[in-house]
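Here is a short briefing to read alongside the model. Take it in any order you like; the points are grouped by topic.

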Amino acid sequence: MKLRVATDVGGTFTDLVYINEGEIQAVKSDTVYPNFDQGVINAAAKAKLKLADVSFFAHGTTVVINALTERKGVKTALITTSGFRDVLEIARGNTPDIFNNYYRKPEPFVPRYLRRELSERVDYQGQVLQPPRLEQLDDIIEDFQQEGVEAIALCFLHAYLNPQHEQLAANYLRDKWPTVKVICSHEICSEWREYERSSTTVLSAYVLPPAQNYLDTLKTQLSAKGLASDPFIMQSNGGIATLQAAKNNPISLVESGPVGGMLGAVAYGQLINEANIMALDIGGTTAKCSLVHNGQTRITTEYIIEKTASTAGYPIKTPVIDIVEIGNGGGSIAHLDAAGSLRVGPESAGSTPGPVAYGRGGKQATTTDANLFTGKINPENFAGGEIKPDMQGVEAAFQALAEPLGVKAIDVAHGVIRIANANMVNALKLISVNRGYDPRDFALMAFGGGGAMHACALARELNARKLIIPPMAGVFSAFGMLMIDLRRDYIRTQRLDLKIDALDDIQQAFAQQIKKAESDYQSDGFSTDKLLHELFIDARYQGQEHTVKVKVDSLNLEPKESIASISAQFHKAHEQEYSFQLPDSDIEIVNFHLVSYAILDKANLKGQNKVAADASAALIEDRAVDYDDLGIHQASVYQREKLCHGMNFEGPAIIEESTTTTVVEPGARVEVDGFGGLHIYLEDRA
Amino acid sequence: MNQAMDIFTIEVIKNALVAIGEEMFLALKRSSKSPIIYESLDYGIGITDAQGRLIAQGNGIPGFIGTLDGGVQTLLAKFSTDEIYPGDVFILNDPYAGGGTHLSDVCMIRPVFYKQQLLAWTANKAHWTEIGGKDPGSYSADANEVYQEGLQFPGIKVFDRGVANQALLDLIEANVRLPDMTLGDLHACAASLQVGEQRFLSVVEKYGQDITLQAIDSLLDHGDRMVCERFKALPKGSWCAEDVIDEDGVGNGPFKVKVKVTISDNEFILDYSGTDAQAPGPINCSMGVLISAAREVFMGVVQPDAPATEGCFRRLKVICPEGTLLTAKRPAPVSSYFEAMVCAADVARRALASVLPGVVTAGQFGSVCTINLSGRLPSSDESYLLVEPLVGGWGAGVDKHGESGQFCVGNGETSNIPVEILEARYGIRVERYSFDTDSAAGAGEYRGGLGVVHEYRVLAAPADISSFFGRAETAPWGIDGGRDGSCNRIEVYDSSGKLKGCFARTSRFELSEGDLIRLITGTGGGWGDPKNRCRDSLLGDIKNGYISQEHAEQAYNHTIAER
């Protein structure tokens with residue numbers, strides 16, 4: 001028996017999903033602090049898995065982001081080009097809270113006394129102006145040793161073009177001080193902009209020891225339990241990496257939590273042949289969404305942690321799936337502002353005290369309370385039937401808001417849902433309409449505890465083609481990990497005019513990246529025939545700053561045709577994103593971006609056989625449900641677990657399962673697919 | 001729809017209207033060709049109702065907060081409604097009319113019609129790198145009338161019913177130094193206005209005209225109510241302050257700027273009477289800019305927790321007679337108007353510092369500290385023009401040190417140009433970009449923020465620099481016993497290291513190959529008596545090299561710590 005297993009460590013639960021002979025199974029186990037690996041072992045034991053039988057083991061962890069946000073990394077130092085030690089602290093000098101005279105800049109992760117300079121210089125074309133005076137490092141090493149530094153980041157100007165000096169300095173440091181961790185900017189990021197690269201390198205160094213320790217412990221523990229091969233580790237770019245690759249560049253794991261759900265959406269889309277998806281994950285405190293177009297997620301390196309409307313945060317230039325996140329989830333608190341207007345979120349009741357219905361002392365109404373109060377959530381089935389909701393408390397909470405507004409409590413509950421929905425629609429527009437995509441060409445795929453509850457109204461508002469509520473929504477991230485390949489992104493800034501005589505240079509730039517990818521994967525144990533490369537350029541009109549990503553698939557034509565084809569694609573992509581073309585402007589390539597996959601053998605999931613359309617076997621009861629602006633309707637209530645492939649029925653309906661409730665509006669039609677997913681077609685759009 | 005539903009529908013529409021400002025902002029940022037727009041974010045964009053009341057605005061800098069609605073009102077005064085058509089786009093940069101600042105900041109405005117009725121306006125204002133005039137980069141340190149400062153657009157149509165006014169475009173092309181960039185910005189600005197129009201119309205189509213208009217009223221009234229709530233917590237009374245602008249670029253000065261701030265139960269009045277008459281050099285600003293400065297101070301002090309709309313500013317009154325430095329009349333030169341604007345805002349905050357600790361800080365380096373460096377690239381004969389504002393030190397607060405290496409208070413999201421991009425695009429090599437630890441930050445219980453030294457090596461001649469550094473003689477003030485900060489200055493050295501020049505404001509200073517330009521920005525003022533400075537924090541400053549041992553001894557009476 002050869003099992004495939006994926007585990008995802010979340011804040012509360014550690015999820016484990018495995019495929020056994022085409023059948024998929026899942027268990028949840030408590031997350032164990034601070035020994036997360038123990039939670040993984042417990043989950044495997046709970047599933048009665050023999051790790052010796054496992055041929056593929058994937059693992060998602062929040063250890064990197066936790067180390068950053070909880071400031072649990074190590075004492076880190078930075079060495080820069082002479083004259084530039086303060087770049088990290090000056091940052092970009094901007095004040096996001098524009099009217100605030102009392103703004104506080106984010107504190108740098110490396111204090112000034114641990115930021116040192118080395119005499120060396122490379123110019124903007126990568127030419128050496130001054131070789132590094134490595135002997136200067138001796139004093140620096142001595143000082144850092146005295147200060148108890150554990151990790152050193154190196155970031156020199158223009159190292160993205162010529163990494164030689166960083167390499168020389170790193171070798172020197174490692175040679176003289178073998179126990180310290182050293183990481184260079186070019187090893188993580190080959191794009192220009194020295195502040196962003198310094199910040200990325202510093203944060204990488206800061207988490208390097210704890211992340212490496214964690215990964216080593218995980219490997220040892222799993223191997224002691226019989227796992228023969230190393231686990232694969234989930235990255236922020238939507239792929240997995242070998243354990244060794246993750247250890248070398250742990251910052252690439254930083255967003256593996258939030259992107260997990262988006263990957264689940266991609267993977268489920270592949271199963272059911274759905275390539276264009278607006279993925280929406282509604283949790284307790286936030287809603288996150290991301291766009292999947294032609295089966296591809298959007299990757300960005302403009303990722304910033306702890307950035308808010310009032311503070312600049314810390315940039316990390318590592319490839320991350322582009323996600324828009326807003327402070328609207330099930331626990332978001334409804335309140336009246338000083339002028340008496342109703343607002344929802346971003347403050348959240350979290351899990352303690354939680355919504356009023358939990359009866360744990362929460363007094364302020366939340367979105368979840370509104371869903372209960374309008375009858376969408378069955379009080380008998382609240383939180384999987386484990387909590388008897390405090391309905392009196394819920395009513396009192398809405399009544400408290402209703403009085404100053406001069407309306408009824410139920411009206412406020414409607415208002416809360418409508419405002420929460422409007423906030424989520426605005427977020428979904430940011431990933432679609434604002435980037436030139438028409439929501440009518442996309443399916444909305446909703447998951448997370450609150451996704452299925454709100455999605456029908458959102459799909460209606462956006463005119464989405466259809467709505468999909470996938471199965472396994474509670475372990476969706478782990479599910480996605482089972483279905484994906486190894487992925488590496490190589491992004492390198494190299495400016496080049498897109499002209500016929502540039503084709504050689506373009507081919508050479510990609511050839512270099514492919515060579516690097518082949519060598520990296522070779523050290524992972526993957527031969528070149530297992531690799532798949534996708535080529536992209538980030539380009540712009542001459543003189544512009546922001547770039548558009550364009551896929552390059554025609555490098556082998558005649559030079560004239562190749563360049564013409566790339567140019568045409570660029571113009572098209574520019575129009576899509578920015579609503580206009582400048583056909584007479586020259587085009588400039590800024591970055592070369594190679595995405596290399598190492599393709600894994602994946603188990604096929606067995607779908608269910610189709611049954612008759614009649615869904616009455618899954619029917620539990622009829623119940624009056626308040627559909628907000630659509631009025632009160634008698635809804636048929638179905639049990640999700642009993643719905644089978646091929647069944648279909650019409651709304652008004654409610655579909656209950658232990659982790660969530662799906663709301664089906666009047667006139668919508670539901671079909672069940674072969675894997676348990678619900679496809680909901682809105683009125684007039686079937 | 002019943003009435004209970006309406007109040008929430010209005011909430012939903014309000015949110016959608018506010019989101020429009022943000023969307024327009026991103027659309028313009030991403031498609032601009034000028035670094036001053038996409039890096040410095042030197043622009044504002046938004047939407048007003050048919051009468052020019054501000055509904056929503058996306059801002060890179062607070063300085064444009066009074067200009068979009070002002071621009072629309074200028075057009076409404078000039079054109080009758082039967083002269084305005086769907087598809088029109090107006091262009092405006094008249095500094096003395098509402099919506100104007102200096103000629104480089106161009107306002108573009110588009111009426112939004114629904115079923116043949118004018119319902120709203122979308123507008124933006126952005127700093128264009130080139131608009132003609134006597135100096136490269138258009139704004140000048142030594143102009144003595146506005147006619148030297150570039151092309152003037154007195155609120156005219158650049159698109160008439162959707163058709164470009166080719167004669168005007170040709171005229172612009174012939175009169176600016178970088179026509180490709182200028183016209184590129186014009187098209188990007190026009191396109192971003194359409195984004196706002198589409199979003200606004202989709203709201204109207206969905207909810208209907210009546211309820212949308214009702215939501216706009218409600219949004220504006222909400223701003224006023226939030227402001228009134230915050231008024232309850234503000235101190236009431238009148239406070240005065242004075243400051244000076246040292247020099248006007250053509251050898252005159254100092255010029256006095258005076259303010260009396262009055263906060264009552266329902267009004268916030270900034271009275272600038274007593275300010276000196278307009279200057280012969282280009283450091284003047286006009287009434288519209290003064291209103292922006294007042295709104296910036298007001299939003300920072302009142303903090304209404306509501307988006308900036310017309311409603312937020314109903315309680316704000318600005319008084320100043322015509323013809324002063326802050327209310328200049330044609331043809332006073334205004335291209336360095338930001339000096340007067342920053343001074344007007346800072347002096348108002350100075351008046352309030354003692355009664356609003358924790359909200360307002362001590363004096364900051366207090367100038368946008370801009371340079372215009374022009375020359376040609378060493379690798380080709382291509383010319384370049386670098387327009388760059390610089391970071392410096394902010395004032396300390398009652399419970400924190402001043403921020404170090406930050407753009408001037410009031411410069412918002414302006415971001416520095418990365419060294420790696422500077423070197424790739426302009427004919428200079430950057431040899432240093434770090435804190436200036438030689439000039440002492442204003443000492444205090446909390447010290448001022450640090451300024452920054454920028455060292456640029458000129459790689460090819462001919463090249464020249466114009467500079468717009470204010471606060472070169474009068475240092476940023478300390479508060480409550482805190483000491484003053486330091487001044488801004490520029491030094492130029494030849495390749496042998498010999499000092500060639502030292503100045504703050506200059507025009508077209510000639511540079512040779514190998515010259516080193518040192519741009520040094522000031523430190524902020526301190527807050528509280530230095531003798532109350534926490535010892536550990538002082539030791540930390542010494543260890544980090546933010547201040548020297550000698551300065552610690554002299555300013556804080558700190559004897560050398562025994563280790």
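Two strands count as paired if DSSP finds at least two bridges between them. This is a predicted model, in which local features need pLDDT of at least 70 and side-chain atom pairs count only at pLDDT 80 or more, while totals for chains, interfaces and linings use all residues. Residues are numbered from 1 along each chain as its sequence is written, chains are lettered from A and ligands numbered from 1 in the order in which they are written.

- Strand E5 (residues 76–81) and strand E9 (residues 151–155) of chain A run parallel and are joined by five bridges, and A:Ile79 has A:Leu154 in E9(A) as its bridge partner.

**The nonpolar core**
- A nonpolar core is a set of buried Ala, Val, Leu, Ile, Met, Phe, Trp, Tyr and Cys residues joined through C-beta atoms within 7 Å.
- A residue is buried with 20 or more other C-beta atoms within 10 Å of its own, exposed with 12 or fewer and partly exposed in between, the C-beta atoms being placed from the backbone.
- The largest core has 377 residues, and those touching the most other members include A:Ile152, A:Leu444 and B:Leu290.
- Helix H1 (residues 3–31) of chain B gives this core its largest share, 13 residues.
- Leaving aside neighbours within four places in sequence, A:Leu444 has contacts that include A:Met278, A:Leu280 and A:Leu467; a contact means C-beta atoms, placed from the backbone, within 7 Å.

**A buried valine**
- A:Val344 sits in strand E22 (residues 342–348) of chain A.
- A:Val344 counts as buried because it has 26 C-beta neighbours inside 10 Å.
- Beyond four places in sequence, A:Val344 is in contact with residues including A:Asn328, A:Thr367 and A:Val416.

**Where the chains meet**
- In all, 56 residues of chain A are in contact with 67 residues of chain B.
- Helix H3 (87–90), H7 and helix H12 (409–431) of chain A each supply at least two residues of the side of chain A that touches chain B.
- H12(A) gives the largest share of that side, eight residues.

**Strand E34 and its partners**
- Strand E31 (residues 648–650) of chain A runs antiparallel to E34(A), with three bridges between them, and A:Asn648 stands opposite A:Glu671.
- Strand E35 (residues 678–681) of chain A also pairs antiparallel with E34(A), over four bridges, and its A:Tyr681 stands opposite A:Arg669.

Notes. Contact = placed C-beta atoms within 7 Å.
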